[in-house]
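The following paragraphs lead the reader through selected features of the structure shown below. Please keep the sequence and the model in view while reading.

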Amino acid sequence: MLSTPVPASRAFVSPLSSVALAAFIVVAGADAAHAQVARNLTASIGASTSYSQTSGRDGSSTPGEGEFVTQISPGLRWSSRSGRVRGSASYGLNLVNYSKQKDADSVQHSLAAAVTAEAIEGRAFIDANANIGQQSVSPFGIQSVDNGPQAASNRTEVASVSVSPYIRGRIGNLANYDARLSASGTRASGQPNADSNTALASVSLSSANTGSLLGWGLNATRQRADFRVGGVSQTDRLNASVSFRPYPDLLLGVSGGKESTDIIGTARRSYDNWGANLRWSPGPRTNLSVQTERRFFGNSHSLVFSHRMRQTIWQYSDTRGATSGSDPSGLGQPVTLFALYNALFSSAQPDPALRELLVLEFLRSIGRQPGELVSGGGLLTTAASNQRRQDLSFAINGVRSSFSLLAFRNETRPVDTATGNGVSDLPVRQTGLNASMSYRLTAQSSISLNASHLVVGDSGPQVGNDLTSLALTWSNRPTRNLTTALTGRYSQFDGADSYREAAIVASVNYQF
């Protein structure tokens with residue numbers, strides 16, 4: 001957990017971002033070379049200008065008063081839901097110019113990619129994930145909505161990449177096997193404490209008939225985590241599990257084993273592992289998964305419940321476990337609008353490829369971006385950490401109106417503070433709420449209202465803060481490919497450096 005801000009004006013073009021962009025181009029090109037693959041490759045260009053009036057808590061002016069922020073945002077999106085290469089990737093370049101804070105001008109990259117390639121049919125695969133985005137350096141520093149000038153000094157660009165080749169198959173009628181390697185890394189611009197690499201090797205065996213009354217499993221893993229500033233740790237685990245399926249929609253299981261790690265302190269110690277799990281799927285629209293386990297850091301658990309109807313979806317998750325900074329998928333990651341509505345539209349369109357197009361078209365019609373977060377709560381980590389996160393989301397889609405709501409609570413505490421990089425053992429607690437409502441005025445225009453509230457609690461000498469924002473947007477699509485929008489926004493930040501902001505934003509986006 002970091003508390004030293006870094007200027008955001010520094011353009012971040014790290015080797016990870018270059019590799020990720022190259023991978024995006026290679027994958028999209030390889031897909032285009034196979035005519036039999038159902039694919040979608042689109043390009044877009046966007047521009048926006050905002051003007052904000054900022055004042056201090058007592059109404060006094062601040063250096064950011066009367067600031068214009070101009071952004072130019074070209075982007076590419078690729079997706080494939082059939083063939084040997086499946087997945088999606090969205091890359092965007094954001095050129096940000098501030099009328100007064102010239103030292104805050106920046107070139108920002110954004111990437112969200114998840115791709116699976118089938119190297120040998122039915123046998124060998126490669127999973128690749130990559131993410132690049134803006135993130136607050138310190139949760140206790142000044143915060144802002146979007147690219148507001150108030151918090152330019154407390155933002156940095158973070159890139160994470162993970163590649164995992166694996167093979168899987170069947171040993172006669174005896175067992176299924178899965179063997180994989182995984183390498184991942186995270187880089188934060190100007191924040192070497194948050195840079196990390198992780199390598200993982202795992203081998204698992206399981207009963208051949210997954211639908212039988214009794215099942216079994218064996219799993220062995222070795223993980224090595226290396227923080228650039230701090231310590232290197234290694235964790236080895238060996239677990240066995242037994243499952244019981246009394247009904248087709250109910251699965252019960254227990255597990256036990258050993259793990260050895262040097263994450264806590266410098267000496268390697270062995271710990272007993274044991275746990276239990278339950279999976280219940282009474283129908284295609286309802287799923288419940290519960291898992292608890294005793295680990296080296298204490299008790300871990302995962303509870304995930306989802307239920308969807310024709311026009312609504314409910315999702316709740318409660319997770320507690322260890323996470324390292326180099327995990328691009330992470331524990332309890334924020335939810336995007338695309339992910340939320342993709343789950344909601346699964347009833348209307350079961351085909352993944354067609355559903356993706358349906359969701360993208362719907363979000364464009366209401367003037368919203370697929371990558372827009374409906375929850376936040378992220379922070380840079382500088383050591384292996386224990387995280388507890390709870391998320392509750394709800395979405396409803398009507399004929400002319402839609403509504404989404406997501407509430408979350410997140411607590412992160414380093415597992416080991418003896419890494420030599422000044423990590424505090426005090427927890428960081430974050431709570432947030434995001435609500436969005438839209439109404440389609442005509443076939444071409446819509447209006448939406450978005451409200452968000454993020455609270456960071458006090459942690460020892462660190463003073464907490466809270467950010468509240470309310471935005472009203474009118475969007476219009478004069479043509480199928482062109483979208484324009486006008487947004488009025490009011491934000492209030494209370495913390496060590498409090499401010500009030502009133503802003504108006506005009507934007508245009510064209511999709512080729």
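Leu472 is found in strand E20; helices (H or I, at least four residues) and strands (E, at least two) are DSSP runs, numbered from the N terminus. The model is a predicted one, in which local features need pLDDT of at least 70 and side-chain atom pairs count only at pLDDT 80 or more, while totals for chains, interfaces and linings use all residues. Residues are numbered from 1 along each chain as its sequence is written, and side-chain values use heavy atoms, with hydrogens and water left out.

With a relative accessible area of 45%, Leu472 is partly exposed; buried means under 20% relative accessible area, exposed over 50%, and partly exposed in between (1.4 Å probe, protein chains only). Leu472 belongs to a nonpolar surface patch of about 860 Å², whose members also include Met437, Tyr439, Trp474 and Ile504. Strands E18 (428–440), E19 (445–456) and E20 (465–476) are the elements that give two or more residues to this patch, and E20 gives the most, with 3 residues. Patches are made of residues with over 30% relative accessible area and no salt bridge, with like charges joined within 9 Å and nonpolar side chains (Val, Leu, Ile, Met, Phe, Trp, Tyr) within 5 Å. Accessible areas come from the Shrake-Rupley method with a 1.4 Å probe; for residues, only the protein chains shown count as cover.

Attention now turns to charged side chains. Side chains of opposite charge can pair when their charged atoms come close. The structure holds 13 salt bridges, each being a side-chain nitrogen of Lys or Arg within 4 Å of a carboxyl oxygen of Asp or Glu.

One of these joins Asp236 to Arg268, with the closest N and O atoms 3.9 Å apart. This pair links distant parts of the chain, 32 residues apart: Asp236 is in strand E10 (residues 232–247), and Arg268 is in the loop between strand E11 (250–261) and strand E12 (269–283). Asp236 is buried at 19% relative accessibility, whereas Arg268 is partly exposed at 38%.

Arg237 forms a salt bridge with Glu259, again with closest N and O atoms 3.9 Å apart. Because Arg237 lies in strand E10 and Glu259 in strand E11, the pair ties together parts that are 22 residues apart in sequence. Arg237 is buried at 18%, and Glu259 is buried at 1%.

Asp318 lies in strand E15 (residues 312–323) and Arg388 in strand E16 (residues 385–397), 70 residues apart. Asp318 is buried, at 9%, while Arg388 is partly exposed, at 32%.
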